[in-house]
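Please walk through this fold step by step, with the model open beside the text. Start with the helices, then turn to the sheets and the loops.

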Amino acid sequence: MAESSFCVFRYNCGRCGETFTDITKGDEAYGELAARSAGTGQLVYINTFADPVFSELSELGRLVLAEAHLSPPDHRRGPAIQHAYAAACDLSGDGTIFQVGAHPHCPACGNDWPSAWEHTGEHLTCDIPEPSHGRWRSLTPEQRKALVRKHVMNSLSD
Ligand SMILES: [Zn+2]
């Protein structure tokens with residue numbers, strides 16, 4: 001668990017129209033990310049400066065891009081690294097992967113695609129669990145690099 005300040009956002013569900021609030025990380029939270037599980041939207045907090053797996057991922061990401069002679073712009077590289085990082089996290093409590101920057105699920109219908117969202121201007125300090133990396137740590141260096149290569153390349157080919 002790690003205590004951190006989150007932005008309170010107001011969401012409009014893209015399916016049933018429900019209006020609800022939930023917390024996430026805003027763009028101003030440099031080096032901090034929020035991720036949610038694909039299944040139920042379970043929130044985890046990522047401090048990219050404090051999590052050694054994130055540094056390791058970034059380094060491997062640079063390496064596989066250099067080997068592939070690719071130099072994507074920052075707005076493509078960042079999400080590609082985050083996509084690979086999510087694959088280095090253990091599955092969530094609901095048995096699904098975490099997705100960095102994913103929206104919360106609508107409390108009324110479970111849909112995770114809001115039609116609109118905005119910062120209410122409020123902030124909340126919350127204790128949010130951080131992802132664990134047991135599966136990642138059990139991999140050999142070669143397996144780690146292969147995993148990063150796969151996810152970075154998949155993200156860049158989207
Ligand atoms: Zn809904």
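**Helices, sheets and loops**

Begin where two helices touch: Phe54, Leu57, Ser58 and Gly61 of H1 meet Ala80, Ile81, Ala84 and Tyr85 of H2. Of the residues in this contact, 6 are nonpolar, 2 are polar and none is charged. Keep in mind that the model is predicted.

How do the axes of H1 and H2 cross? They come within 10 Å of each other and cross at roughly 125 degrees. An angle of 65 to 115 degrees would count as roughly perpendicular, and one over 145 as roughly antiparallel. H1 and H2 are therefore oblique to each other. Their crossing is right-handed.

Now bring in helix H4, residues 141-156. Its axis and that of H1 come within 9 Å and cross at roughly 70 degrees. H1 and H4 are therefore roughly perpendicular to each other. This crossing, too, has a hand: H1 passes H4 in the right-handed sense. On the H1 side, the contact uses Leu57, Leu60, Gly61, Val64 and Leu65. On the H4 side, it uses Arg144, Lys145, Val148, Arg149 and Val152. Sort the residues of this contact and you get 6 nonpolar, 1 polar and 3 charged.

Look back at Leu57 and Gly61. Both belong to the contact of H1 with H2, and both belong to the contact of H1 with H4.

The axes of H2 and H4 come within 8 Å and cross at roughly 135 degrees. H2 and H4 are therefore oblique to each other. The crossing is right-handed. From H2, the contact takes Arg76, Pro79, Ala80, Ile81, His83, Ala84 and Ala87. From H4, it takes Leu147, Val148, His151, Val152, Ser155 and Leu156. The residues of this contact divide into 9 nonpolar, 3 polar and 1 charged. Again some names return. Ala80, Ile81 and Ala84 of H2 meet H4 here, and they also meet H1.

Next, go to the loop that links H1 (52-67) and H2 (74-87). Histidine 69 lies in it. Phi of histidine 69, however, is near 55 degrees, a positive value.

Now turn to the strands. S4, S3 and S5 form an open sheet in the order S4-S3-S5, with antiparallel pairing. S4 and S5 are the edge strands, and each pairs on one side only. From one strand to the next, the twist averages 30 degrees. H2 packs on this sheet and touches S3 and S5. The direction of H2 makes about 160 degrees with that of S5.

Strand S3 (residues 32-37) and strand S4 (residues 43-47) are joined by 5 bridges. They form a hairpin, with 5 residues between them. In the turn sits glycine 41, with a positive phi of about 80 degrees. On its other pairing, S3 runs antiparallel to strand S5 (residues 98-100), over 3 bridges. Which residues face arginine 36 in the two neighbours? In S4, its bridge partner is leucine 43. In S5, arginine 36 stands opposite glutamine 99.

There is another open sheet. Its 3 strands follow the order S2-S1-S6, and the pairing is antiparallel. The edges are strand S2 (19-24) and strand S6 (114-128), each pairing on one side only. Neighbouring strands here are turned by 25 degrees against each other on average, direction ignored. How many bridges join strand S1 to S6? There are 11, and S1 covers residues 2-13. One of the bridge pairs sets tyrosine 11 against tryptophan 117 in S6.

Follow the chain out of S6. The loop between S6 and helix H3 (134-137) holds serine 132. Serine 132 has 13 other C-beta atoms within 10 Å, so it is partly exposed. Finally, compare sequence with space. Serine 132 and glutamate 56 are 76 residues apart in sequence. In space, they are 14 Å apart, C-alpha to C-alpha.

Terms used: Residues are numbered from 1 along each chain as its sequence is written. This is a predicted model: local features need pLDDT of at least 70, side-chain atom pairs count only at pLDDT 80 or more; totals for chains, interfaces and linings use all residues. Two strands pair if DSSP finds at least two bridges between them. Helices (H or I, at least four residues) and strands (E, at least two) are DSSP runs, numbered from the N terminus. Axes are lines fitted to C-alpha atoms, for helices over the stretch in contact, and angles run from 0 to 180 degrees between N-to-C directions. Angles under 35 degrees count as roughly parallel, over 145 as roughly antiparallel, 65 to 115 as roughly perpendicular and the rest as oblique. A crossing is left-handed if the near helix is turned anticlockwise from the far one by less than a right angle, and right-handed if clockwise. Two residues are in contact if their C-beta atoms, placed from the backbone, lie within 7 Å. Ala, Val, Leu, Ile, Met, Phe, Trp, Tyr, Cys and Pro count as nonpolar, Asp, Glu, Lys and Arg as charged, and the others, Gly among them, as polar. A residue is buried if 20 or more other C-beta atoms lie within 10 Å of its own, exposed if 12 or fewer, and partly exposed in between; C-beta atoms are placed from the backbone.
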